[in-house]
Amino acid sequence: LHCTRPLCLGRRRLSSDAHMRVRTPFRCSPHPCEYEIAFVSDVEGDLDYFNRWVAGSRCVAYTGSDEAALTLTHARAYFVYGGDVPDHGRGSEQLLRLLVGLKRAFPRRVALLVGNRDLNKLRLTSECAPSDLARPHWSIPAPHWDPSAPTLSQHLEQVAAARGGGATAASCDCAAERLRWMYENTLGCPATFEARRAELAALRSVGSATGDNGGGGGGGGGGGGGGGGGAGGGGGG
């Protein structure tokens, strides 16, 4: 929901662009405001929702009809993103590029906060690195925070049974299947792998995006800087 009226705090204003979980009747200050701040959070890859938010914003707009880049609409405009860019929708990479591009264009007037869905992707740079992928699949335990989650070996055995034709857990062990297991069982986003596959296919203008050994292509963009530890020891986010 949008705030029904601007909120003025001294010389700063929370604009009507800000999304609130409840509709609150704010009183307007009679004094002119120096800044106008737009805020949105928890888009989680839903690019259609984000586009609707931009269309109603007084502070943020697309630079052209192709919706390839964002800009701030006036010299007093500021923008804060409250966290959780990726996961549920099929626009995670596009949203990341838009937000980072806006931050680079206006480094002092744009603030990008991180949420749990952003932070837990830091694991990807370590657990999908060649050194970690070289670990035997049977040596990687289930996440300690979810006793019902399968181990990587159990996941691969399920994949092998579904493929048939003499497939084994070892023959199905690849970067794509490890990433699928992480998304589905350790990162709290079971739909993300297929959503990322669909997004990458659309961005590449191909029928489908595939990973190694016929696995999915859900592992591209969205992972950030250094990660932490094996799947059994990292936090679930």
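These legends accompany several close-up views of a predicted model.

The model is predicted, so local features are taken only at pLDDT of at least 70 and side-chain atom pairs only at pLDDT 80 or more, while totals for chains, interfaces and linings use all residues. Residues are numbered from 1 along each chain as its sequence is written, and side-chain values use heavy atoms, with hydrogens and water left out.

View 1. Helices (H or I, at least four residues) and strands (E, at least two) are DSSP runs, numbered from the N terminus. Of the 237 residues, 44% count as buried; here buried means under 20% relative accessible area, exposed means over 50%, and partly exposed lies in between, using a 1.4 Å probe and protein chains only. The accessible surface comes to about 11900 Å², and carbon and sulfur atoms hold 55% of that surface; the areas come from the Shrake-Rupley method with a 1.4 Å probe, and for residues only the protein chains shown count as cover. Among contacts with a separation of 6 or more, 59% join residues 24 or more positions apart, a contact being heavy atoms within 4.5 Å.

View 2. pLDDT is the predictor's confidence in each residue, from 0 to 100. Its mean over the protein is 79, and 73% of the residues reach 70 or more. A friendly caution for anyone zooming in: where pLDDT is low, the predicted coordinates should not be read in detail.

**View 3. The loop between β3 (35–40) and α1 (47–55), with Asp42 in it.** Asp42 has a positive phi, near 55°, although this residue is not a glycine. Glu44 is found in the loop between β3 and α1 too, and its phi is likewise positive, near 55°, in a residue other than glycine. How exposed or buried is each side of this pair? Asp42 counts as partly exposed because its relative accessibility is 34%, whereas Glu44 counts as buried because its value is 16%.

**View 4. Helix α6, residues 152–163.** This helix has 12 residues and reaches 17 Å from its first C-alpha to its last, close to the 16 Å expected at 1.5 Å a residue; the expected span is 1.5 Å times one less than the number of residues. Leu152, Ser153, His155, Leu156, Val159 and Ala160 are buried. Seen down the axis of α6, these buried residues fall within an arc of 160°, so they line one face of the helix; the arc is that of the directions from the helix axis to the C-beta atoms. On the other side, Gln158, Ala161 and Ala162 are exposed. The cover over the buried residues includes α7 (169–172) and α8 (175–185). Gly164, with a positive phi near 65°, follows α6.

**View 5. Ala170 in helix α7.** Ala170 is exposed, with a relative accessible area of 55%. Its C-alpha atom is separated by 7.8 Å from that of His137, 33 residues apart along the chain.

**View 6. Cysteines in a structure that holds 0 disulfides.** A disulfide is taken as a pair of cysteine sulfur atoms within 2.5 Å. Cys174 is in no disulfide, and the nearest cysteine sulfur, that of Cys172, is 7.6 Å away. Cys174 is buried, with a relative accessible area of 7%. Cys59 is buried as well, with a relative accessible area of 0%.
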